[in-house]
Amino acid sequence: MRPKGEAMFAILQFLRDRRIDHTTSGARSRPGWVQVNCPFCGGGSRGYDLGIKIDDARCACWRCRGKHISEVVRALTKCGPEELRSILSQYGGGRGRPVKLEREEESPIKAVHRKKQCKLPAGTSEMMERHFNYLDARGYDPELLEEVYGLKGTGRLGDYAHRIILPITFEGRVVSFQGRDITGRAELRYKACAMVDETVHHKHVLYGWDLAKKKSCVIVEGAADAWRLGPDSLATFGTGFTAQQATLLTGRFARVFLAFDPEPQAQKVAEELAWVLSNAGVETVVVELDGTDPGDMAQKEADALMKEMGLKGWNR
C-alpha cells in the first residue's frame, strides 16, 4: 500500500499532455505498465524499453535497469530543476509537494521461481493443418520444427487463439511460452506468457538453450530466426538483451556469433552485446546480413551461413 500522504504521479496524463510517445501494448509491455523510448540508453532507445508502473511510477528499463521517476521526467522533458519541481507538483496529486518514490533497483523482468513447470495456455493441443500450412508457406519444415522445438497450436477460442505455441525450455523444463499469430491480423505477432504464470521470465533465458551443445553458437532476435537457422542458434526474444542472458552466454560458450536483423537499432544492440561478451573473454563475431532477417532467408542460404560459422544447424 502507498504510505499515507504520498502522492501518486499521474504518468499517463503527463505523457499525453507532453505528447511523449508511449504504449501500453506490444512485446515490451506488461499489465499495469506504460512503455516509453528510454532516454538513458546510448543514442536514445526506439524500442519502448523503459517501463513506468502506472500505479506507483516505479521505472525500469529492459536494458539499463532502474530509474527514479524524477530522473525520467527530467530526461524526457530536458527541463531544469525549477520546472521539474513544478511538473512533479502538477502531476503528483496537486498538493504542492514532490512525489516520494523509492528508486527501483531491479528490472521488471527479474526472474521468478513460482512453480516447477509453466503450464501452456488453455486450448493448446498438437498443431493442426492451419498451423502446418502457415509454417510451410514460409518455407519451414513444420514436422521438423514440431519434433525439435515441441511446437503446439491453439484453436479459435481463448486469449491465445489462432497461434502457434512455442514452449520455452530451460534445463529440461518448460519455464514459459510465446504464442505466434498465424492470421496476420493480431496486434501482437508474438504474445508472451503472463509474467505471473512464468516459472522463469523468458528474458532471463534464451530460446533454444537446451539444443545448443557446442562451445559456439549464434544469437538471433526472434524464435522464427532460430527456426530458420536450427539448433545452435539462440534467440533473445527481441532486439534487447538482459544481463541474465549475457551471463548464461559467458558461462557456456567460448565463441558467439551475433546475427541480428539489419536495422540500425538492432545492429547497435548487437555491438553492445558483443562488447559485453568480449569483455568477459568470449570471442564474438557480428555477422553482417545482406538486408534480410535470418527468418526471411531461403533455407539453403541459412544452411550455408551456419556451415560458414562452423555450426550444424539443420545441415545433415
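Exposed means over 50% relative accessible area, and buried means under 20%. These legends describe close-up views of a predicted model.

**View 1. Helix 4 has a buried face.** Helix 4 covers residues 129-137, and its buried residues are His-131, Phe-132, Tyr-134 and Leu-135. Seen down the helix axis, these buried residues fall within an arc of 160°, so they line one face of helix 4. An α-helix has 3.6 residues a turn, so residues three or four places apart point the same way. On the other side of helix 4 sit Glu-129, Asp-136 and Ala-137, which are exposed.

**View 2. The buried residues of helix 4 pack against helices and strands.** The helices are helix 5 (142-149) and helix 6 (223-229). The strands are strand 6 (152-153), strand 7 (163-170) and strand 8 (173-181).

**View 3. Arg-19 has a positive phi.** The angle is about 55°, although Arg-19 is not a glycine. Arg-19 is found in the loop between helix 1 (11-17) and strand 1 (22-23). The relative accessible area of Arg-19 is 79%, over the 50% cut-off, so the residue is exposed.

**View 4. Lys-78 has a positive phi in a loop between two helices.** Lys-78 is not a glycine, yet its phi is about 55°. The loop runs between helix 2 (69-77) and helix 3 (81-91). Lys-78 is exposed, with a relative accessible area of 74%.

Note on methods
Residues are numbered from 1 along each chain as its sequence is written. This is a predicted model: local features need pLDDT of at least 70, side-chain atom pairs count only at pLDDT 80 or more; totals for chains, interfaces and linings use all residues. Side-chain values use heavy atoms; hydrogens and water are left out. Helices (H or I, at least four residues) and strands (E, at least two) are DSSP runs, numbered from the N terminus. Buried means under 20% relative accessible area, exposed over 50%, partly exposed in between (1.4 Å probe, protein chains only). The arc is that of the directions from the helix axis to the C-beta atoms. Contact means heavy atoms within 4.5 Å.
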